[in-house]
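Me: I'd like to learn how to read helix packing in a model. Could you walk me through it?

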Amino acid sequence: MIKLLKAQIFRAVKKPWFILIFLITFTITVWIAVSPLRDTYSYQGFMNRYGSMSPQTVSRMVLDEARPDMSISDIYDEFMIRQKDFLFPTAYVATATGLAFMGCIIAAFFLGRELTKRRTRAVLIPGQSRGLVFTLLAVRYYLAAFILIVASLGMVRTQWSIDLSMFPRDYVVSTQLRFLLYCFSVFSGMMLVTVLVRNPVGSALASLAFVGLAVLAGYLASTVFPTASLLSYKWWEPTVGAEYITPHVITSAVAIVVFTAASYIIYRNREI
């Protein structure tokens, strides 16, 4: 299984469409996440706004105290440190927004291209069971989703100069694991939609509609559906308690298992 998976991944990476689709999805995801606050928190945006002013004036405007001894660059560093408690949770919300809108492309091209109305593409050597074929597709899909999630979140943090060492380690670890779990629950839903539609373009549009309905359901019933938590600032703050987090973590884990299992059952029992 591992050898087959490695062979298929290597074969896919060599194809131009793989690199193109992944880079487009990643770029647009990061752009959606960063663009609303770029002028305020990016170094270039900060310099465009305050670069022509004196350090004393800038420090008074952004630090609420006159610091003529600091350069504009030093003022920016201090400004970002003071904004860390806002930017860290915002990074999760902004990245989740981008992934929710663009993740459907990953589902369409990593699953929809392999599943069509008439057949399953030759993703494995002939003679392999349908269960093994689905396992390969699911592992490859979740691996692509994992890379996209981690890379996008890392790039957003880099764009906003977020230093993880300024936060408690357990808080950083818990939020990152929770973010991965929440995102995988959304991506697992996109998998189910793609297996049902079995068309790249159609599954992309249907997955986007699924995300919209999932987020709406999350706002209407936040305890049952975890999707709204991805786009809610308060769920990523250090002060949020376990009593708020635990139901959503459980729901996310259950959603991943249910959606993946449903995808497998539909794939296995449907005529290809």
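Predicted model: local features only at pLDDT ≥ 70, side-chain atom pairs only at ≥ 80, totals over all residues.

Me: What span should the 29 residues of helix α9 have?

Reply: Helices are DSSP runs of H or I, at least four residues, numbered from the N terminus. The expected span is 1.5 Å times one less than the number of residues. For α9 (residues 169–197) that gives 42 Å, and the end C-alpha atoms are 42 Å apart, so the two agree. Just after α9, Arg198 has a positive phi of about 55 degrees.

Me: At what angle do α9 and α12 pack?

Reply: Axes are lines fitted to C-alpha atoms, for helices over the stretch in contact, and angles run from 0 to 180 degrees between N-to-C directions. Under 35 degrees is roughly parallel, over 145 roughly antiparallel, 65 to 115 roughly perpendicular, and the rest oblique. α9 and α12 pack at about 25 degrees, with axes 8 Å apart. That makes α9 roughly parallel to α12.

Me: And how do α7 and α9 pack?

Reply: Helix α7 (residues 84–112) meets α9 at an angle of about 30 degrees, and their axes are 9 Å apart. They are therefore roughly parallel to each other.

Me: Is the crossing of α9 with α12 left-handed or right-handed?

Reply: A crossing is left-handed if the near helix is turned anticlockwise from the far one by less than a right angle, and right-handed if clockwise. α9 passes α12 in a left-handed crossing, whereas α7 passes α9 in a right-handed one.

Me: How do the axes of α8 and α12 cross?

Reply: The axes of α8 (residues 130–159) and α12 (residues 242–269) come within 10 Å and cross at roughly 140 degrees, so the pair is oblique. Contact means heavy atoms within 4.5 Å. Among the residues making this one are Phe134 and Tyr142 of α8, and Thr260 and Tyr264 of α12.

Me: Which side chain does the side chain of Thr260 make a polar contact with?

Reply: A polar contact is a pair of N or O atoms within 3.5 Å; within protein, one must be able to donate a hydrogen and the other to accept it, and residues adjacent in sequence count only if both atoms are side-chain atoms. The partner of Thr260 is the side chain of Tyr142, at 2.7 Å. Leaving aside neighbours within four places in sequence, Thr260 is in contact with Phe134, Tyr142, Ser188 and Met191.

How values were computed. Residues numbered from 1 in each chain as written. Heavy atoms only, no water. Helix = DSSP H or I, 4+ residues; strand = E, 2+ residues; numbered from the N terminus.
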